[in-house]
Amino acid sequence: MSNSSKITVFTARKIHTMEPALPEATAIAVRDGRILEVGTLETLQPWLDLHDYERDDQFADKVLLPGFIDPHLHPTMAAVLLPMYFITAMEWKLPWETVKPVQSRQAYLSRLKEIEAGMEDPDEPLFAWGYHRNWHGEITRNDLDGISATRPVIAWHRSFHEVIVNSATLKWVGLDAENIGDNPQVDLPNGRFYEMGLRVIVNNFMGYLLAPDRYAQGLKRMRDVVHFGGHTTIGDMATGLFYLDMEWEMTKSVLDNDETPFRVDLIPDGNSLAGVERKNEDALALIKSLPERNTHRLRFGDHVKLFTDGAFFSQLMQLNEPGYIDGHHGEWIMVPEQFEDAARAYWNEGYKIHVHCTGDLGLELALDVLEKLQWERPRFGHRYTIEHFGLSTPEQCRRLKELGGQVSANVYYLYELGAVYAREGLGHERASQMARLGSLARAGVPTALHSDYTMAPALPLNSAWVAANRINAEGEVMAEAEKLTLDQALRAITIDAAHILGRESEIGSLRAGKMADFAVLEADPYEWGAERLKDVPVWGTVFEGKPYKANRP
């Protein structure tokens, strides 16, 4: 028998399989990247009696879980942002550094000034990611002109959906009132470009941000971030966000090799690929062709991403009554008629539709359209997925169950924004009930957790900790009844996350026949409990039977 077919038996202090029929084990046999059997050394013996094998005890003092799955993050967005300077209101743990929080307007401007003073090349643009007005106040074009009158300075909003720029940036990209025209999502005097207005300026400096060397550096950093969190599968939930062919070629160049210990499911951005000129039918034809490009690690399938309302971090989500405390209104990314037309085109072709929804009115639109499509052309197992699930009502949770929908939630909203949105924007009742996961569990709606990286750290145990404890950044427990149990939270980053991607028969739990993907932990999360879940150290992963130790700072 060839060496490639030799069995490897990994032993561990404990293995949590996420399989109810055999929840715990101490040994797992792997061959050619797949699991042969899970159990103990004794129960595996029939395999070992007949086949060549080697025993690997390097995890004898560690705990194995299925490889973590983030069904919604953005490699392209991360590759653009990770080479930037981070100025954030919360601490960020990255594989190469820990970014300390900056939580006032003066501190934000001071940090920008400090960065600018330390830059050697006077022509290099200063891109800073992480600005948020709830901590950093109103920052305008005039403020950024005070940082530099000659260097382009770009404050990229925490939401990614917005930038604020100085006058030197406008000069750099050649934009003024004449060539911008009348765009309601551009505030030129203050240098603010948001939601669909963001594309007006971003398209002018993407040549710089997507320069091959810079973009490759960002993708390599993204690879380290994903591995750092213990992932073995991620979903790119907006492929084609900028330039499909360029993104594909660069992603293939950097990630489609043995240095990458995870696979990527690529979900096309139906809105971006339709663009302003291409019709839904043209975008659909393009998306149908994408699986022809599949490689071992990079896979297109029968999923597509659409959008309803604006960014949660910008308070541009669309809300039902009583709306926002200050009376401002949210924004649509796809206006209702546009969203319905696009959803119908993909629904009728059998696609699994993922819908970006942040506010309860955005969610209502998504559910109304789902109900209409089910009436027009009923489908079973359609896996219509609500992405983010910021604000909702209990009635909408029940309606999701009735319509056969599912949820991929960003519960980190509650941690970073719960307290501040209670004071500024929503009031305590609605802010405390962001990501009402307990209601979904009680209704029986399939639910997973994601990071939407960089909207949340790509640390699945941290997301599970927020879901199981509902503690905000100020230490307050918010809407205790909406907690998940520890087991539900861990399922939401393993087998239930696999279900969101339609990969539950291949990944997400440890049993015979599935891919040999493990998260390797230094402690047992079931022993440490929900309260300490975010502190469980991740050693690294096993991807398709091959161990990969994570780099730690």
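This report describes selected strands, helices, ring pairs and backbone features of one structure.

The model is predicted, so to speak of local features requires pLDDT of at least 70, side-chain atom pairs count only at pLDDT 80 or more, and totals for chains, interfaces and linings use all residues. Residues are numbered from 1 along each chain as its sequence is written, and side-chain values use heavy atoms, with hydrogens and water left out.

**Strands.** Helices (H or I, at least four residues) and strands (E, at least two) are DSSP runs, numbered from the N terminus. Two strands pair if DSSP finds at least two bridges between them. Strand β1 (residues 7–16) runs antiparallel to strand β2 (residues 24–31), and six bridges join them. In this pairing, Thr 11 is opposite Ala 27 of β2. Strand β2 is also paired with strand β3 (residues 34–39), again in the antiparallel sense, over five bridges. Here Ala 29 stands opposite Glu 37 of β3. Two residues lie between the strands in the hairpin of β2 and β3, where Asp 32 has a positive phi near 50 degrees.

**Helices.** Helix α12 (residues 280–289) packs with helix α13 (residues 336–347) at an angle of about 40 degrees, and their axes are 10 Å apart. Axes are lines fitted to C-alpha atoms, for helices over the stretch in contact, and angles run from 0 to 180 degrees between N-to-C directions. The two helices, α12 and α13, are therefore oblique to each other; angles under 35 degrees count as roughly parallel, over 145 as roughly antiparallel, 65 to 115 as roughly perpendicular and the rest as oblique. In the contact (heavy atoms within 4.5 Å), Asn 280, Ala 283, Leu 284 and Ile 287 of α12 meet Asp 341, Ala 342, Ala 345 and Tyr 346 of α13.

**Aromatic pairs.** Rings of Phe, Tyr and Trp (its six-membered ring) pair if their centres lie within 6.5 Å; planes under 30 degrees apart count as stacked, over 60 as edge-to-face and the rest as tilted. By this rule there are 24 aromatic pairs. One of them, Phe 127 with Trp 172, is edge-to-face, at 6.4 Å centre to centre and 70 degrees between the planes. Phe 127 belongs to strand β10 (residues 126–131) and Trp 172 to helix α6 (residues 167–173), so the pair ties together parts 45 residues apart in sequence.

| Bond | Omega |
|---|---|
| Glu 321 to Pro 322 | near 10 degrees |
| Tyr 453 to Thr 454 | about 25 degrees |

Pro 322 is in the loop between β18 (303–307) and α13.
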